[in-house]
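Biologist: I'd like to learn how to read charged pairs and nonpolar cores in a model. Could you walk me through them?

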Amino acid sequence: MNDQAGKLREMISNNDEFDKSVAHQIKIYSIISGKGGVGKTNLTVNLAIKLQEKGKKVLIMDADVGMSNAHLVMGIDTKKTLLDLIENDLNLEDIIAKGPYGVDLISGGEDLFLLEKLDKEKQKEIIQNLANLGEYDVLLIDNGAGINKQSLTFTILADDIILISTPEPTSITDAYRILKAISMYELKNKVKVVINQVPDLDTGDEALNKLLKTSELFLNVELENIGYIFSDIRVNKAVMEQIPIVIRYPDALASSNINQISAAILGDKNYTNNISNLKQFKNRLIRLFG
Ligand SMILES: Nc1ncnc2c1ncn2[C@@H]1O[C@H](COP(=O)(O)OP(=O)(O)OP(=O)(O)O)[C@@H](O)[C@H]1O
Ligand SMILES: [Mg+2]
């Protein structure tokens, strides 16, 4: 973490380019989890489609670098990935895949060593170009599990964090660990929470309350429940069919849960006020590491 802090501090030091950047009205959500396999990618893709249906122009960035799979859930072929941005000097615009549901995607690619190639200059470039993409209302960043170099950067960059957990004690414990890191490093003072794969309401309430109570007692982070997603076999089916569940099975319970989550996000009164720009991002970094 210290090494990362040093790199981030270095990244923002004495750099006029950041100050010159124009602010764009894009709202950035970073989707994270402690434990892996809890449903981040499925929520990201389906939430993107629901937000698009509600009139937002949405871009997904698959930041699960080296293990990207959002394109598989969407059923699209991504010809260019972040690797092309890093190695072939392309622009972000060049590596954006136009999705079939009106949702665009940047793939993290399959090169596990890409992380090593993301030097500080490249990281800075990606961040700068992300903030300068003018045509999107919403950017959803699908991260790998846990906190790593990417998710830390994107978590700082994002306006809002959406933390996903299942009701399993292992998942809840890992979610709490993430919240602890968010609190300790003052990344955010508010986190949106989704409990996924809930068998019934009571189990969802119980899991959420565990997180709420421990966070309230020990952490400086306020949690906002933005909805449960019920366990639904059609999520697996949709993944197998490579058609997002909200398209393939719009009447499934999980689809209607995700629709409610999209409404909760858009109903957020901070939605229009909380605009991302690089200046804000820089300020966040300074608050964190300065
Ligand atoms: N609500 C649900 N009901 C039933 N199964 C679900 C549900 N949500 C997710 N799953 C199952 O969990 C699997 C993993 O989901 P997903 O790939 O979205 O998780 P992830 O958090 O992105 O994983 P990773 O940490 O590996 O990136 C899905 O393929 C699906 O089979
Ligand atoms: Mg995933």
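Predicted model: local features only at pLDDT ≥ 70, side-chain atom pairs only at ≥ 80, totals over all residues.

Biologist: How many salt bridges does the structure hold?

Modeller: There are 11. Another one to look at pairs Lys 57 with Asp 104, with the closest N and O atoms 3.7 Å apart.

Biologist: Why does that pair tie together separate parts of the sequence?

Modeller: Check where each end lies. Lys 57 is in the loop between α3 and β2 (58–63), while Asp 104 belongs to strand β4 (residues 103–106), so the bridge ties together parts that are 47 residues apart in sequence. Asp 104 is buried at 2% relative accessible area, and Lys 57 is partly exposed at 27%.

Biologist: What about Lys 79 and Asp 77: how far apart are their closest N and O atoms?

Modeller: They are 4.0 Å apart, and the pair forms a salt bridge. Here, exposed means over 50%. Lys 79, at 70% relative accessibility, is exposed, and Asp 77 is exposed too, at 61%.

**On to the cores**

Biologist: Now, how should I think about nonpolar side chains?

Modeller: In soluble globular proteins, they tend to be buried together. In this model, the largest nonpolar core has 35 residues. Those with the most contacts inside that core are Leu 43, Leu 47, Leu 140, Ile 162, Ile 245, Ile 261 and Ile 265.

Biologist: Which helix gives the largest share of this core?

Modeller: Helix α3 (residues 40–53), with 6 residues.

Biologist: What does Leu 47 touch?

Modeller: Leaving out residues up to four places away in sequence, Leu 47 touches Leu 140, Ile 162, Ile 258, Ile 261, Ser 262 and Ile 265.

Biologist: Which residues does the second core include?

Modeller: That separate core has 24 residues, including Ile 178, Leu 187, Leu 223 and Phe 230.

Notes
Residues numbered from 1 in each chain as written. Chains lettered and ligands numbered in written order. Heavy atoms only, no water. Core = buried A, V, L, I, M, F, W, Y, C linked by side-chain atoms within 4.5 Å. Buried < 20%, exposed > 50% of the residue type's maximum accessible area, 1.4 Å probe, protein only. Helix = DSSP H or I, 4+ residues; strand = E, 2+ residues; numbered from the N terminus. Contact = heavy atoms within 4.5 Å. Salt bridge = Lys/Arg side-chain N within 4 Å of Asp/Glu carboxyl O.
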